[in-house]
Amino acid sequence: MRAIRHRRRSIPALAALAAAAVAAPVLLSAAPAAAHPREGRLAKELVEEVGVRGAYRHLAKFQQIADANGGNRAAGTPGHAASAAYVHDTLKKAGYDVSYQDFDIYEAHTRTEKTTVLGQGTRELATAAFTFTRSTPAGGLAAPLAPARVDETPGCTADDYPAGAFAGKIALVKRGACTFVEKQRAAAAAGAIGVIVYNHSGTTPVRGGFSSPAEGIIPSAGITLADGEALAAAAAGGEVSVRLELDQEHVKKTTRNVIAETKGGRSDCVVTVGAHLDSVPEGPGINDNGSGSAGLLEVALKLAEEGANKKGKGKQPANKVRFGWWSAEELGLLGSEHYVAQLSEKQKKDIALYLNFDMIASPNPVQFVYDGDDSDKTGAGAGPAGSAQIEALINGFLDKKRKPHEGSDFDGRSDYGPFIANGIPAGGTFTGAEGVKTAEQAARYGGTAGAPYDPNYHRAGDDLKNVDLKVFDTNLDVIAHAVGTYAESLRSLGRP
């Protein structure tokens, strides 16, 4: 799961897109389709066949690959390439139609990141260059600071930058409410030659970024909340100048998605299931997201054993099932965005739904289910029409297994984002990232209150020891049940 700093699309924007999709009519055929002879049976069979033992061997393989490739499986590295080859070759042997989808990414290498307050009492501030920022000229940019208005959407819109007040200056902007791209664009449009974003909480500098070098139009960096507030207060009383020095190299690389689909099933009713395969450079990414990747792989293999790729009446599923292992999720959902962007309008309409599984074995877990109907009334709102039914299917399955669960907002941090933005209903599960478990959650799920769901999130310690096999098993069953159900029937989505 990508860190918040990479968010490309604001929550309000996602909400608007989702709301538009919800409002769109769902077209049903005049006559209901006859039930598939295996309807209900396939889901049951998959749940019975899929288990931790099989999925764990894929986790062990991902760990082995990371160990042999510098400790990680990050996009654009040999570790990711080997992971993609393992998934590809395993599914090819199982009879799937498998392909690679290559696309370009960039890697940022920061050589200099420095902010110096000029004048009497010159001092340096802790600074973090934004990923894919434009570099400053040699020697840096020395200019007065111009604070943007601080309101509910600080530095997000043109009216936060009074006319003429930012020309030739470095904008000082508080973090929050919109993307770093939107803040930077608004500052640049007002004439700012650079932007410094200060944090809204904590004691560390903002670690922001853009998804590609093309989005970095002026030098951009982050500082701490305390330093930002001190600069804003000083600038309110008179001119304050700083020198911003940023030097960052951007290296172009190629990475790839892996796409596998059943040979049979209706191609105009495609059940799409996805998980990101890349880790962060800091670690092997066994929970994030070896767990989701391994879960999909094991379900796909069991689906093949149930006859998904064999000819004959009653063997193939009614609907085509397409599995996707996305690359560069940790860089900003780049793999899933690339996949959706290259689809034609008809191909998008042919996708009946998208299921996303990202971090499903967290060591201090909570069982989260994406809140398709916005019953929690937080964040981005409901997903496109059909998302509520997906949530209900998963919740109903967990209820039957007497497994506690709760909603999770579509906050734009995982690969459902591009599908939702194109009106495709989505759902899925995850078990928590860097968020902190509450006392109420500890009472329901066990584990440690006051500790992160995954204490090794985006760290070297995200290895084979960093998984809870019980919650992993539960989520394997969820994947199996959902894939088996939708492969044979879309009735619960309001479609024949």
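Visitor: If buried means under 20% relative accessible area, exposed over 50% and partly exposed in between, with a 1.4 Å probe and protein chains only, what percentage of the 496 residues in the protein is buried?

Guide: This is a predicted model, in which local features need pLDDT of at least 70 and side-chain atom pairs count only at pLDDT 80 or more, whereas totals for chains, interfaces and linings use all residues. Residues are numbered from 1 along each chain as its sequence is written, and side-chain values use heavy atoms, with hydrogens and water left out. Of the 496 residues in the protein, the buried share comes to 56%.

Visitor: Why does the radius of gyration agree with that of a compact globule?

Guide: The radius is taken over C-alpha atoms, and the globule rule is 2.2 Å times the number of residues to the power 0.38. Because a compact globule of 496 residues would have a value near 23 Å, the protein agrees with it at 24 Å.

Visitor: Among contacts between residues at least 6 apart in sequence, what percentage joins residues at least 24 apart?

Guide: A contact here means heavy atoms within 4.5 Å. Among contacts in the protein that link residues at least 6 apart, those joining residues at least 24 apart make up 81%.

Visitor: Which residue of strand β11 stands opposite Gly-274?

Guide: Helices (H or I, at least four residues) and strands (E, at least two) are DSSP runs numbered from the N terminus, and two strands pair if DSSP finds at least two bridges between them. Strand β11, residues 351-357, has seven of its seven residues buried, and it runs parallel to β9 (residues 266-276), to which five bridges join it. β11 also pairs in the parallel sense with β14 (residues 426-430) over four bridges, where Gly-428 is the bridge partner of Asn-356. The residue of β11 opposite Gly-274 is likewise Asn-356.

Visitor: Which helix holds Asn-289, the residue reached from Asp-288 through a cis peptide bond?

Guide: The bond from Asp-288 to Asn-289 has omega near 0°. Asn-289 has its place within residues 286-305, which form helix α7.

Visitor: Is Arg-402 buried or exposed?

Guide: Arg-402 lies in the loop between α10 (387-400) and β13 (406-408), and its phi is positive, about 60°, although it is not a glycine. Ala-177, in the loop between β5 (170-174) and α5 (180-189), also has a positive phi, near 75°, and counts as partly exposed because its relative accessibility is 45%. With a relative accessible area of 77%, Arg-402 is exposed.
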